Amino acid sequence: MIGITGASGPLGRATADTLRLRRLGWAGVEIRLGGVTLLIDPLENTGPLEPVMGRPRRPLPPVDAPAGTHALITHVHPDHYDRELIARLAGSGTVGCHAPTASTLAADGIAAEAQELGQPRRIGPLTVTPVASLDWRGSDCDQVAWIVEGAGARIIHCGDTMWHGNWWQIARDHGPFDVAFLPVNGVVARFEGYEANVPVTMTPEQAVEAAAALNATAACAIHYELFNNPPAYVEQSDIAERFGRAAGERGIVAHLVADGETVQLPAHHHADHDPDQLA
């Protein structure tokens, strides 16, 4: 059955061996398995964003990061790379990034675990792998998506990517996916010399098409309905309704969940890779 799920949807019984997912604020996602906590693009400090993106429409939920929490960043835009928060996490856990980004983190005093595209790394029971993505600033800002696998489940977090042609290769090499976390605000940006009247992140419809190309059972909308600051940063309208409709037409479960709420895994998980075979 195709539908839109939220925090109030049916939940299976969680165990220590269950991959647990939670959407944080903006593009942040929390992944827990056993005693391991992993955050992707967590955000607490919105001050640096306000000159361009405007004040957030609501407070961000607190980031629950006990000692030993690990983090991954997709790229170093300040709405995805919260320097103060990442530095704090690096004090007791690992911080993973794409290799070309490691020098930027090092300049901020953060020793990162640098990975090349397609190179897996183990974090306890989890396996994390960066794959291709496309940033709207081109070579001025390197960006990746992250694949996370564990307990027979596989998810992908796509940062704030534009539409690109690598979806099908990612699916062939790493898919299918249980949940794809996808940006949906389709923002038109006009600042710092980057000005064009076309979306520089995926629209709701493009995000659903990406989920279809990735062979994802479910798609979770991220990166939307928090910032809108015309004319510098202009978000799409009717995002949730458009995302849900497009997902229904494609036969994909659409997760539209509030900040801080649980994202459910499908009943049947896709993962068929054996992480214990990884070098």
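Contact here means heavy atoms within 4.5 Å. The model is predicted, so local features are taken at pLDDT of at least 70 and side-chain atom pairs at pLDDT 80 or more, while totals for chains, interfaces and linings use all residues. Residues are numbered from 1 along each chain as its sequence is written, and side-chain values use heavy atoms, with hydrogens and water left out.

**Figure 1. The chain as a whole.** The protein chain holds six helices and 18 strands, where helices (H or I, at least four residues) and strands (E, at least two) are DSSP runs numbered from the N terminus. Of its 279 residues, 53% are buried; buried means under 20% relative accessible area, exposed over 50% and partly exposed in between, with a 1.4 Å probe and protein chains only. Among the contacts that link residues at least 6 apart in sequence, 67% join residues at least 24 apart.

**Figure 2. The loop between E4 and H1 at threonine 46.** Threonine 46 is located in the loop that runs between strand E4 and helix H1. With a relative accessibility of 11%, threonine 46 counts as buried. Residues up to four places away in sequence aside, threonine 46 touches Pro56, Leu60 and Phe227.

Figure 3. Seven strands make up an open sheet of mixed pairing, in the order E7-E6-E5-E4-E3-E2-E18. At the edges stand strand E7 (113–115) and strand E18 (262–263), each of which pairs on one side only; two strands pair if DSSP finds at least two bridges between them. Strand E2 (residues 20–23) is joined to E18 in the antiparallel sense by two bridges, and the bridge partner of arginine 22 in E18 is threonine 262. E5 and E6 instead pair in the parallel sense, also over two bridges, with leucine 72 opposite glycine 96 of E6. E6 is covered on both faces: Val95 and Cys97 are buried on one side, and Gly96 and His98 are buried on the other.

Figure 4. Helix H2 spans residues 83–90, and its residues Leu85, Ile86 and Leu89 are buried. These residues are on the same side of H2 because they cover an arc of only 95° around the axis, the arc being that of the directions from the helix axis to the C-beta atoms. Strand E4 (36–40), strand E5 (70–72) and strand E6 (95–98) are the elements against which the buried residues of H2 pack.

**Figure 5. Glycine 93 between H2 and E6.** The loop that links H2 to E6 contains glycine 93. Glycine 93 has a relative accessible area of 14% and is therefore buried. Apart from neighbours within four places in sequence, the contacts of glycine 93 are Gly68, Thr69 and His70.

**Figure 6. Backbone details in the loops.** Most residues other than glycine have a negative phi, and most peptide bonds are trans. Tryptophan 26, in the loop between E2 and strand E3 (29–33), has a positive phi near 60°. Tryptophan 26 is buried, at a relative accessible area of 1%. Aspartate 238, in the loop between E16 and helix H6 (239–250), likewise has a positive phi, near 55°. Aspartate 238, however, is exposed, at a relative accessible area of 56%. A cis peptide bond with omega of about -5° joins glycine 175 to proline 176; proline 176 lies in the loop between helix H4 (167–174) and strand E12 (177–183). Another cis bond, with omega of about 0°, joins proline 230 to proline 231, and proline 231 belongs to the loop between strand E15 (216–222) and strand E16 (233–234).

**Figure 7. The second largest pocket.** On a 1 Å grid over the protein atoms alone, where a 1.4 Å probe fits, a pocket is an open set of points with protein on both sides within 12 Å along at least five of seven lines, and lining residues have an atom within 4 Å of a point. Grid points are joined across faces, edges and corners, and a volume is the space filled by probe spheres set on the points. The second largest pocket has a volume of about 290 Å³. Its lining comprises 18 residues, of which Met53, Pro78, Asp79, Arg137 and Phe191 lie nearest the centre. Helix H1 (residues 50–53) gives the most to this lining, with three residues. By type, the lining holds eleven nonpolar, three polar and four charged residues; Ala, Val, Leu, Ile, Met, Phe, Trp, Tyr, Cys and Pro count as nonpolar, Asp, Glu, Lys and Arg as charged, and the others, Gly among them, as polar.
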